[in-house]
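Dear colleague,

Please find below the structure that I am handing over to you. My notes on what was found in it follow directly after.

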Amino acid sequence: PVNVNITPSTTETLAPSGDFTASKMVLTTTAQQHYINFNNMTKASGAERQCVSFWAKLSSSNYPILKSYITGAGAFTNYSEARFNLSTGAVDGVSGSGGFTNHSAKMTEYPNGWYKCEYEATLDSSETTKRFQLLANNGSSNAGNGTDGYYIWGVQVEVGSFATSLIPTNGTTATRGYEAPTLEGTEFSDVFGTEFKEFSLVADY
């Protein structure tokens, strides 16, 4: 990612995974927008549904709203945005411009002050690359204090109908591997109990 007027740091708080892998967005004292930019991601020409998810946590109460964009390669000609209030745990709003359709946005509370932020939007344009941005302080150009900001972990942008669980990629494009749960012996009754008469199995091949 490209950091603009952001000072990254990584060892102050545990990530939702229980280790020190989170990054910190610290708003610098420069009076310009402060953001992280993930660019040059592949996009299909035409309509494509984007699913964005990431975990975020406030380092203080000074800048409660974190704004997020998913946009084509152009200068915000076609984009969707969602605004997350990390103080209240509520979505502050969604909007956009050009060829876009917003579908949903939500926040899920996690332990230790973390929230998982998610939203889905369709970008409909001829652009074949896309980018994702996280903007501090609701996109304001006001100077930060050089200390406070946000902790960020598990940023994921994927194509599909809904955001899935985190796929570790280490900064590269990846495809989800095969996943299948297995229940053996008494594990089934431990999970579901014994007071049932029938059940159905749904398989996706």
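Y115 touches F54, W55, A56, L86, T88, G89, M107, T108 and E109, leaving out residues up to four places away in sequence; contact here means heavy atoms within 4.5 Å. The residue belongs to strand β10 (residues 115-125), strands being DSSP runs of E with at least two residues, numbered from the N terminus. Y115 counts as buried because its relative accessibility is 11%; buried means under 20% relative accessible area, with a 1.4 Å probe and protein chains only.

Two remarks on the basis of these values are in order. This is a predicted model, in which local features need pLDDT of at least 70 and side-chain atom pairs count only at pLDDT 80 or more, while totals for chains, interfaces and linings use all residues. Residues are numbered from 1 along each chain as its sequence is written, and side-chain values use heavy atoms, with hydrogens and water left out.

A polar atom of its side chain lies 2.7 Å from the backbone nitrogen of G99. The N78 side chain also makes a polar contact with the side chain of E127, at 3.3 Å (a pair of N or O atoms within 3.5 Å; within protein, one must be able to donate a hydrogen and the other to accept it, and residues adjacent in sequence count only if both atoms are side-chain atoms).

The largest nonpolar core has 23 residues, of which M25, F54, L66, L86, C117 and Y150 touch the most other members. Such a core is a set of buried Ala, Val, Leu, Ile, Met, Phe, Trp, Tyr and Cys residues joined through side-chain atoms within 4.5 Å. Two or more residues each come from β3 (23-27), β5 (46-58), β6, β7, β10, β11 (129-135) and β12 (149-159). Another core, of six residues, lies apart from it and includes A22, W55, W114 and Y151.

Seven aromatic pairs were found in the whole structure, where ring centres of Phe, Tyr and Trp (its six-membered ring) must lie within 6.5 Å, and planes over 60 degrees apart count as edge-to-face, under 30 as stacked and the rest as tilted. W55 and W153 form an edge-to-face pair, 5.0 Å centre to centre with 65° between the planes. This pair links strand β5 to strand β12, across 98 residues.

With kind regards

Terms used:
Helices (H or I, at least four residues) and strands (E, at least two) are DSSP runs, numbered from the N terminus. Buried means under 20% relative accessible area, exposed over 50%, partly exposed in between (1.4 Å probe, protein chains only).
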